[in-house]
Amino acid sequence: MLIRYILKSDKLLFLAIASIALVLYCRPLFAREFKKTDCWFEIPQDRAMTCGTLSVPENRKKPSGNQIVLSIVIFDPDRERHEPVVFLTGGPGQPTDIADREDIDDWWEFISTQSWMIGRRVVVVDQRGIGRSAPNLGCTRYFEPDHWNSILSDVAADAGFDTFRQKELIACKTALIARGVDLDSYNTGENAEDINDLRSALGIEKWVLYGVSYGTRLALEVMNRHPEGISASILDSVVPLDINYIAEDGESLEKSLKVLERDCRKQDMCMENISKAVQLISTQLDRQPLLLRSKEKKYRYKYFSGVDFLELIFGMLYDREDILMLPELIERTYKQDYEPLAELAFEPEDLEISQGMDYSVTCSDNGRPDWSKESSKYWVKWAQSDEYSWGCPIWKDINGSTPQIRPRRTDIPTLLLSGEYDPATPTEWANRAAEALALGQVVVFRGIGHDVIDSDPCGSEVVADFLANPTRKLTTACVDRMTPPQFMSSADKQWSGGSSRRALSAMSSKQMRLPFRLGHVGSVSPE
């Protein structure tokens with residue numbers, strides 16, 4: 001009996017050892033592998049670069065299902081002295097601009113101005129659903145730009161924009177599903193797993209996360225799930241995990257206008273009560289929209305409402321240069337001089353965006369907003385008109401409340417950058433995210449809107465100081481030297497938003513949030 005027991009035990013032990021060996025042997029077969037490829041652009045002279053792809057499951061709950069191919073470019077330093085940094089783009093749905101040689105030259109120029117990137121590999125990845133990654137969830141071929149921007153070719157034409165937009169959105173969704181795309185798999189959680197898989201596939205033990213706008217929310221989710229692979233994080237224009245970000249724009253716009261009014265009052269350069277003027281203008285234009293005509297030889301028309309006016313203000317608050325023009329725009333509109341509005345209403349938008357990825361992520365991240373408690377606010381109609389309000393129920397069922405992710409407390413050193421004028425990711429959000437970051441530091445920049453590092457060299461200086469010693473309290477001198485916007489005096493005012501640059505250029509910055517805020521004028525997405 002004893003001998004039989006020993007033999008049985010040995011057999012079980014042998015089976016256990018064999019099973020472990022089989023798992024170890026098979027593991028490489030299932031590992032995420034980075035595959036080097038020839039670069040699809042000419043590599044600049046005297047530059048070292050690596051191009052490649054990474055295949056990941058579309059839905060990790062279905063490992064035998066579809067595979068997604070992520071497109072990656074690595075900007076290699078002359079000599080690697082520090083941990084790599086991975087860039088997480090905004091949107092959601094914005095490409096990282098690695099499509100051609102011109103994009104690559106822009107990246108090298110940007111890297112050369114960022115002292116904190118010197119000596120680091122800079123890993124740039126088109127997230128799932130966007131840019132060169134496959135499949136791309138762009139909807140451009142189904143969207144007619146004039147429909148999304150309420151532009152009429154004939155003043156007597158029947159608008160029907162709402163119906164057109166809904167049909168076009170349904171057409172895009174139907175086509176993507178017909179291609180076998182699982183739209184529910186395009187979300188921040190799966191996105192975060194992709195980023196960690198990329199780190200493992202590149203053999204990187206730890207790296208620095210650099211996220212801007214939506215990229216900060218993605219970075220926070222990676223920190224939640226895989227803190228072991230992160231040495232530090234740089235979050236520029238912060239979107240916390242535990243916030244319904246499509247429900248906050250109205251209040252954030254109001255707070256940004258109060259900042260504008262404060263700075264105007266101090267300089268005595270603007271009309272009095274400028275934020276109140278915005279309310280009066282938007283209310284009046286909602287009652288009686290303006291009919292604007294383009295300056296082209298072949299006229300086009302647009303009815304410009306209070307909703308459109310707030311949309312315009314929201315977009316201009318993104319950008320430092322556009323903020324300088326805001327007081328004049330508001331004052332002239334208040335005095336019923338509508339030339340600036342007519343000039344801006346028909347300017348083309350050149351932003352690339354994967355609209356399907358944007359809808360998939362945004363609608364899964366957020367529940368349907370409830371503005372019943374804010375019904376008396378002047379911005380409610382604008383907030384309710386947001387394309388997500390009607391688009392998300394078409395794209396995804398969000399009738400119930402979407403549970404917000406509870407951030408885990410972490411000791412990853414984190415720098416959170418915020419522009420005081422930013423209406424899309426206000427400073428309150430950076431402070432909120434920092435509550436769960438034991439080593440988090442918030443730095444607020446005077447006179448800046450969205451995307452701090454791209455807006456002022458001081459942002460880069462702060463990041464360099466932070467990475468030099470991530471646990472030390474920052475005392476970067478340039479922050480204290482920053483000044484509010486220097487508005488023009490009444491005598492010097494002359495509208496400067498002409499055709500040479502669009503006052504809404506901030507929204508074509510590569511790091512915006514909520515791309516549907518300004519529609520899709522001329523937007524393109526690689527298919």
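A residue is called buried here when its relative accessible area is under 20%. All views are taken from a predicted model.

**View A. Helix 5 and its surroundings.** Helix 5 spans residues 188–201. Twelve of its 14 residues are buried, so the helix is largely enclosed by the rest of the structure. The buried positions are Thr188, Gly189, Glu190, Asn191, Ala192, Glu193, Asp194, Ile195, Asn196, Asp197, Leu198 and Arg199. From its first C-alpha to its last, helix 5 reaches 20 Å, close to the 20 Å expected at 1.5 Å a residue.

View B. At the N-terminal end, helix 5 is capped by Asn187, which places a side-chain oxygen 3.1 Å from the backbone nitrogen of Gly189. Gly189 itself is among the buried residues of the helix. Just after helix 5, Gly203 adopts a positive phi of about 70°.

View C. Asp126 belongs to strand 5, which comprises residues 122–126. Although Asp126 is buried, it has no salt bridge. The nearest side chain of opposite charge is that of Arg132, 5.9 Å away; a salt bridge is counted only within 4 Å. The side chain of Asp126 instead makes a polar contact with the side chain of Thr96, at 2.8 Å. Leaving aside residues up to four places away in sequence, Asp126 touches Leu70, Ser71, Pro95, Thr96, Ile98, Gly131, Arg132 and Ser133.

**View D. Strand 2 and its pairing with strands 1 and 3.** Strand 2 (residues 48–57) is mostly covered, with seven of its ten residues buried. Strand 1 (residues 34–37) pairs with strand 2 in the antiparallel sense over four bridges. Strand 2 is also joined to strand 3 (residues 67–76) by ten bridges, and these two strands likewise run antiparallel. Leu54 of strand 2 stands opposite Phe34, and its bridge partner in strand 3 is Leu70. Leu70 is also one of the residues that Asp126 touches, which links this view to View C.

**View E. The parallel pair of strands 10 and 11.** Strand 10 (residues 414–419) and strand 11 (residues 440–445) pair in the parallel sense over six bridges. Within this pair, Leu417 stands opposite Val443 of strand 11. The covered face of strand 11 consists of Gln441, Val443 and Phe445, whereas its uncovered face consists of Gly440, Val442 and Val444.

Terms used. Residues numbered from 1 in each chain as written. Predicted model: local features only at pLDDT ≥ 70, side-chain atom pairs only at ≥ 80, totals over all residues. Heavy atoms only, no water. Buried < 20%, exposed > 50% of the residue type's maximum accessible area, 1.4 Å probe, protein only. Lys, Arg positive; Asp, Glu negative; His and termini not counted. Polar contact = N/O pair within 3.5 Å; in protein donor to acceptor, adjacent residues only side chain to side chain. Contact = heavy atoms within 4.5 Å. Expected span 1.5 Å × (residues − 1). Pairing = 2+ DSSP bridges.
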